[in-house]
Amino acid sequence: MKLTSEQRIQLHEFNNLTKSLSFNMYDVCYTKTKEERESYIQYIDEQYNAERLTKILKNVTDIIGAHVLNVAQQNYVPQGASVTILVSEGPVVEVPNESYEESPGPLPDSVVMQLDKSHITVHTYPEYHPNEGISTFRADIDVSTCGEISPLKALNYLIHSFDTDIMTMDYRVRGFTRDINGEKLFIDHDINSIQNYIPEQVKDAYDMIDVNVYPQNIFHTKCKLKEFDLNNYLFGYTKDKLSKNERNEITDRLKIEMDEIFYGKNMKPFSG
């Protein structure tokens, strides 16, 4: 069902569809000692504290044209933070044509669309392996909207807001609305893949896998960074400080960690 702006469906009163985007990102780091691990966790808590996360989510609300009703934020001990924003807006008078196109959304210097009652949340999970010297930072962001547009337009900005090695994204349209004749509509826009909302330069940098259930309007995409530079995964020093054997061992550990996150299962260490 491909619609132009002139062919928009006349709905019966409010659009009752719920569109939800879950964006999960992972940052992996090698932290050999307790001091390195504690420094990495402290760095993450400073970089992604509740105040900065609130700013990121408020930029998301700007991109999708929402109005903030309430903000709840919390930093946790020993680490981590959470933010929840409730948003709403007045009736949608005119939906921009762009909302019907599968394309990356804007960065926060422009506002292109609106939505009705909704919420946006983020939770962070700094974590470490007790024996293998691997520390991992995960952030989960959920954008749930009701109405005529999709939260996928915020995806481009979310990707640019985090330095991430692995991303998983889930998008689902739930419920139904009706046209003026009473016929149920279970989705009101075309979507082929979440990848269509990701800029080409980002897609070029990642290996990507789609798992979509089209009849149920469920879309899943996961991404793993292609290029591996050990210097990007060391905290406080560079690989030239390590022996060749150390570099190989650390590289193997990091790649196992990233593969396990990407494929969602425990894996045996590399041999050789």
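## Arg138 and its salt bridge

Arg138 is partly exposed at 27% relative accessibility, where buried means under 20% relative accessible area, exposed over 50%, and partly exposed in between (1.4 Å probe, protein chains only). Its side chain meets that of Asp140 in a salt bridge of 2.8 Å, N to O; the term denotes a side-chain nitrogen of Lys or Arg within 4 Å of a carboxyl oxygen of Asp or Glu. Asp140, by contrast, is buried, with a relative accessible area of 11%.

The model is a predicted one, in which local features need pLDDT of at least 70 and side-chain atom pairs count only at pLDDT 80 or more, while totals for chains, interfaces and linings use all residues. Residues are numbered from 1 along each chain as its sequence is written, and side-chain values use heavy atoms, with hydrogens and water left out.

## Further charged pairs

The count of salt bridges comes to 7. One of them joins the side chains of Lys19 and Asp188 at 2.9 Å, N to O. This pair links distant parts of the chain, 169 residues apart: Lys19 lies in strand S1 (residues 18-30), and Asp188 in the loop between strand S8 (184-185) and helix H4 (200-205). Helices (H or I, at least four residues) and strands (E, at least two) are DSSP runs, numbered from the N terminus. Lys19 is buried at 0% relative accessible area, and Asp188 is buried at 8%.

Glu38 forms a salt bridge with Lys34, with the closest N and O atoms 4.0 Å apart. Because these residues are 4 positions apart in helix H1 (residues 34-47), about one helical turn separates them. Glu38 is partly exposed, at 44% relative accessibility.

## The sheet

An open sheet is formed by 8 strands in the order S2-S3-S4-S5-S1-S6-S10-S9, with antiparallel pairing; two strands pair if DSSP finds at least two bridges between them. Strand S2 (67-75) and strand S9 (206-213) stand at the edges with a single partner strand each, so one side of each has no neighbour in the sheet.

S2 pairs with strand S3 (residues 81-88) in the antiparallel sense over 8 bridges. Gln73 has Val83 in S3 as its bridge partner. Helix H2 (residues 50-63) packs on the sheet and touches S2, S3, strand S4 (118-128) and strand S5 (134-146), contact being heavy atoms within 4.5 Å.

Notes: Axes fitted to C-alpha atoms, helices over the stretch in contact; angles between N-to-C directions.
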